[in-house]
Amino acid sequence: MRYSIKLFLLSLAAICATTAQAKFTNFPDGSEVPEWFNDTRSVDVGKLGKKYVITDYGVSCDSTIIQTEQIQSVIDLAASKGGGVIVIPEGTFLSGSLFFKPGTHLHLLKNGKLKGSDAITNYRIIKTRLEGQTIDYFAALVNADGCDGFTISGEGTIDGNGHRFYDEFWLRRKVNRKCTNLEALRPRMLYVSNSSDVTVNGVTMQNSGFWTNHLYNCNRVKYLDVTILAPTDGYPKGPSTDAIDLDVCNDVLVSNCYMNVNDDAVCLKGGKGTYVDTIPGNGAVTRVIVDKCTFGKTNAGITFGSEAWDCSNVIMKDCKFEDTYHVVLFKMRPDTPQQYRNILIDGAIGRVRVGVEASTWTQFFDKADRDPMPASGVDNVVCRNCHLECTRFFYKNSKSGDYTLSNFTFTDIWAEDPDTTFDTSNIKNCVIENVTINGKKF
């Protein structure tokens, strides 16, 4: 209890300090942060063109019927007229996969809900990206490809209606414990690909059948004031309902969002496999800032992998954790050469199981022969100004020597941690300054 009170007071002080914080200026490698990252203004729907309220164009306000074709026709009409905003008014509207076109946007009014069908037959099979590969699979509920400037905004809700998909997944796992995500047929909520200047602002996204947000090959992406939810307690939990998956993406800001999902929160992806760096379509994730977010029972605030290999210049600033598994998790695959570098964790407060963890990840991996195999490692990580209750503040999985940890700095850390060893002996070049673990100073 004594540590909890102290944590509260320290956290309160940290929160107050952030209200006057300076703008982001530099990434961990010293490069300048573009001013774009410091602009968190809400989407101005009035500047996006004509509004197409779907009920004005033949869509019924009837929550019991699936109206995929009718809603798609409104999107197509707007696109044919040069673009505009597809407005979901008050009410619940059921749909299968929808495809937004260049110049079109999605806006959900308060008490307006776009709800996904819970039958996989209502989702078109397309060529898409999933789990670090390009395959034929089901489209998401909302899809946008080649849509520069695409926005989703409003006070309404996108509901993936995923409970039947969750049931089916867990039943498959009972029959076949090695059942993969792709074998349980279920849709993502949002898939945006090959697009720049994408903004998701204000909406609630809940109960996705699979990953909630999947961005592939996108640049300049913002998530502002978004709430992302999936079941994490009781039955059925929402398997693999990652909040935001960044797959070969650059320049991403996630600010003031709340995430409580049954897997990773912000997850960095980009490819997998022994020859990952030679496969077209794979790529790096760079220049990501996660700022002032709150995480519930997610696997980690930021996860590197399991389908990632080249990630750099990642900042987590002033984030809160409410019984989260990890602040940051590095998943290291023995079958994939991975380099994660230039990472800053600044101002993490709250309750987690583990603060910073690097772990060997062997689920569904397939190592081929490659000589020489490029080295894997995590390099240049700064963790500072953290006030955490945890089971363990820092942990490296000891099952594999296939990766290295180097150039870590821990400074101004206070943690309530029953494991007071704070063993950093497996880090090459580790700096420790003003670190207190369960009352013990390092």
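Helices (H or I, at least four residues) and strands (E, at least two) are DSSP runs, numbered from the N terminus. The model is predicted: local features need pLDDT of at least 70, side-chain atom pairs count only at pLDDT 80 or more, and totals for chains, interfaces and linings use all residues. Residues are numbered from 1 along each chain as its sequence is written, and side-chain values use heavy atoms, without hydrogens and water.

**Asn282.** Asn282 sits in the loop between strand E21 (266–269) and strand E22 (285–291). Its relative accessibility is 15%. That counts as buried (under 20% relative accessible area; exposed is over 50%, partly exposed in between; 1.4 Å probe, protein chains only). The side chain of Asn282 reaches the backbone oxygen of Val276 at 3.1 Å. The C-alpha atoms of Asn282 and Gly270 are 5.4 Å apart, across 12 residues of chain. Beyond four places in sequence, contacts (heavy atoms within 4.5 Å) of Asn282 include Arg129, Val248 and Trp309.

**Salt bridges.** The whole structure holds 23 salt bridges (a side-chain nitrogen of Lys or Arg within 4 Å of a carboxyl oxygen of Asp or Glu). Three of them are tabulated below.

| Pair | N to O distance |
|---|---|
| Asp118 and Arg164 | 3.5 Å |
| Asp264 and Lys331 | 3.6 Å |
| Glu307 and Lys269 | 2.6 Å |

Asp264 is buried at 2% relative accessibility. Lys331 is buried too, at 6%. Glu307 and Lys269 are both buried. Asp118 is partly exposed at 25%, whereas Arg164 is exposed at 54%. Salt bridges also link Lys317, Asp318, Asp346 and Arg384 in a network.

Definitions and conventions
A polar contact is a pair of N or O atoms within 3.5 Å; within protein, one must be able to donate a hydrogen and the other to accept it, and residues adjacent in sequence count only if both atoms are side-chain atoms.
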